[in-house]
Amino acid sequence: MLIANAPCSWGILEFESTVARASPVQVLDEIAATGYEGTELGEWGFFATDPRQLAEDLARRHLALAGAFVDVALTDPGAHATGEAVAVKIARLLAGVVRLKPDATDVGRRKPDASKKRSESGSIEANERAPMIVLSDATARVPERTAKAGRITPDEGLTPDQWDVVAAGAERIARAVRESTGLRTAFHHHCATYVETPEEIDALMQRTSSDVLGLCLDTGHATFGGGDPVTLIDRYRDRIWHVHFKDCSPAVAERARSERWDYLRAIRHGLFCELGDGGVDFRGALDRLRLHAYAGWIVVEQDVLPSMGTPAASARRNRAFLHRLGL
């Protein structure tokens, strides 16, 4: 397994915009300095969008690209075409970096992976180390879901027809990404979206093909959404193509539920704490991932709002925590 971090740990979030945030240079420098092997892309335009420049920025720090988050309003069929275009654009950037840096999926000085193959078009075929499109329903864009994140009840879910729309959109985008670049797409269940609870994850997984769409298992979102990461790993072991390690503070989660906070307020109060300080059973999750022979990326994410916390110090402590687990 390979360990990355992501710009969201520095307050670079797709749903929060402010001038008071870290620079791309600072984020890349600190990810490398705190012991990670890769990074996710973050919001479009934060890092360089020219493949050659991005490849150079990463190579200078011995980092690889683990993936890129793309959120689309999947309940709206009218948004699917635009979502597809955005996902393909981002996937082409990821694939372009790999083409320019053939060892990009091998992470610096690691021995090349014999399983890595290239298609006739030159794009990297699906493999465990290649960067991944991490697809989500639109994040914190629907006020009702944002207001009730962490306490969604079954009667607040989608209808079967609405689920069919979401599934069709997710598969459409994943197919387009694969056909255009050879890269895979994993779906990220996410609080403050329509795919948050264990039942909602299951509704989507049942309606989509395992040949087309994988699952990005996020331990923090699973926990706040009412699920158990270890149980989810066992249930979807063959669909888990990407993993986010995020912790969730039980005290903050309970207060968010009892005081009916919205998602952003919960984050502002430290919902997603440093690894090991919350309630996620990381040792159990890691044991199950190893049992099921997972060999892809584990991306540390400690979602904070801009100017919150101590990102570099937290990243270092989070990496040390994973070292103690044998990673």
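A residue counts as buried when its relative accessible area is under 20%. By that cut-off, and in what is a predicted model, helix 1 (residues 24-33) has the buried residues V27, L28 and I31. Seen down the axis of helix 1, these residues fall within an arc of 95 degrees, so they line one face of the helix. The cover over this face includes strand 1 (2-5), strand 2 (38-40) and helix 2 (51-59). Just after helix 1 comes G35, which takes a positive phi of about 100 degrees.

Helix 9 (residues 250-258) was examined in the same way. Its buried residues are V252, A253 and A256. They cover an arc of only 100 degrees around the axis, which puts them on the same side of helix 9. Helix 7 (219-224) and helix 10 (263-268) pack against these buried residues. The exposed residues A251 and S258 sit on the face of helix 9 turned away from the buried side. R260 follows helix 9, and its phi is positive, near 60 degrees.

The largest nonpolar core has 75 residues. Within this core, L54, F187, I298 and L322 have the most contacts. For L322, neighbours within four places in sequence were left aside. The contacts of L322 are then I3, F245, L275, V300 and L327.

The structure holds one cavity of 30 Å³ or more. The volume of the largest cavity is about 60 Å³. Its lining is made by N5, S9, Q302, V304, M308, G309, T310, P311, S314, A315 and N318. Helix 12 (residues 311-324) gives the most to this lining, with four residues. By class, the lining of the largest cavity has four nonpolar residues, seven polar and no charged.

Open space was treated separately. The largest pocket has a volume of about 390 Å³. Its lining comprises 24 residues, of which E14, E43, F69, V70 and D71 are the closest to the pocket centre. Strand 3 (64-72) and helix 3 (80-100) each supply at least two lining residues. Strand 3 makes the largest share, four residues. The lining of the largest pocket divides into 12 nonpolar, five polar and seven charged residues. Charged residues are therefore part of the pocket lining under the class scheme that counts Asp, Glu, Lys and Arg as charged. The lining of the largest cavity, by contrast, has no charged residues.

One loop residue was also examined. P154 is found in the loop between helix 4 (143-147) and helix 5 (160-181). Its relative accessible area is 78%. Exposed means over 50%, so P154 is classed as exposed. P154 and E199 are 45 residues apart in sequence. In space, their C-alpha atoms are 8.0 Å apart.

Technical notes
Residues numbered from 1 in each chain as written. Predicted model: local features only at pLDDT ≥ 70, side-chain atom pairs only at ≥ 80, totals over all residues. Heavy atoms only, no water. Core = buried A, V, L, I, M, F, W, Y, C linked by side-chain atoms within 4.5 Å. Buried < 20%, exposed > 50% of the residue type's maximum accessible area, 1.4 Å probe, protein only. Contact = heavy atoms within 4.5 Å. Arc of directions from axis to C-beta. 1 Å grid on protein atoms, 1.4 Å probe; cavity = no way out; pocket = protein on both sides within 12 Å on 5 of 7 lines; lining within 4 Å. Points joined across faces, edges and corners; volume = space filled by probe spheres on them.
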